[in-house]
Amino acid sequence: MESSTLFIVSQTRHVRSGAMFLCLANQEREEAGLSNIQNHDLKPLMECAVQTIKILIEKDEAENH
């Protein structure tokens with residue numbers, strides 16, 4: 001819900017926005033008796049977000065110069 005609000009506001013203001021979603025567990029797999037490996041390490045997610053923002057900044061700077 002919060003992400004949809006972010007997208008609507010950013011579209012109205014004509015700015016970029018994004019969201020990263022993290023799925024901690026899959027209840028359907030667990031109910032089916034399948035493996036449900038969970039990983040709560042957020043470091044790779046944060047590294048991806050930082051690298052993505054760096055790429056977007058570089059792209060904006062290249063377009064504006």
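Analyst: **Salt bridges in their setting**

From the N terminus on, the elements of this predicted chain follow the order α-α-α, that is, 3 helices and 0 strands, where helices (H or I, at least four residues) and strands (E, at least two) are DSSP runs numbered from the N terminus. The radius of gyration is 17 Å, well over the 11 Å that the globule rule gives for 65 residues, so the chain is more spread out than a compact globule; the radius is taken over C-alpha atoms, and the rule is 2.2 Å times the number of residues to the power 0.38. Along its principal axes the C-alpha trace spans about 55 × 25 × 15 Å.

Because this is a predicted model, local features need pLDDT of at least 70 and side-chain atom pairs count only at pLDDT 80 or more, whereas totals for chains, interfaces and linings use all residues. Residues are numbered from 1 along each chain as its sequence is written, and side-chain values use heavy atoms, with hydrogens and water left out.

Side chains of opposite charge can pair when their charged atoms come close. A search of the whole structure finds 2 salt bridges, each defined as a side-chain nitrogen of Lys or Arg within 4 Å of a carboxyl oxygen of Asp or Glu. One of them joins Asp60 to Arg16, with the closest N and O atoms 3.2 Å apart. Asp60 lies in helix H3 (residues 43-64) and Arg16 in the loop between helix H1 (2-13) and helix H2 (27-31), so this pair ties together parts that are 44 residues apart in sequence. Asp60 is partly exposed, with a relative accessible area of 30%, and Arg16 is also partly exposed, at 47%; here buried means under 20% relative accessible area, exposed over 50%, and partly exposed in between (1.4 Å probe, protein chains only).

The other salt bridge brings together the side chains of Lys43 and Glu47, at 4.0 Å from N to O. Lys43 and Glu47 are 4 residues apart in helix H3, and are thus separated by about one helical turn. Lys43 is exposed, with a relative accessible area of 56%, while Glu47 is partly exposed at 43%.

For the charges of the chain as a whole, the mean positions of the 6 positive and 10 negative charges are 6 Å apart. Lys and Arg count as positive and Asp and Glu as negative, with His and the chain ends not counted; the place of a charge is NZ of Lys, CZ of Arg, CG of Asp or CD of Glu.

Leu42 lies in the loop between H2 and H3 and is partly exposed, with a relative accessible area of 40%. Leu42 and Leu22 are 20 residues apart in sequence and 8.9 Å apart in space, C-alpha to C-alpha.

Over the whole chain, buried residues make up 5% of the 65 residues. The chain exposes about 6,100 Å², of which carbon and sulfur atoms supply 58%; accessible areas come from the Shrake-Rupley method with a 1.4 Å probe, and for residues only the protein chains shown count as cover.
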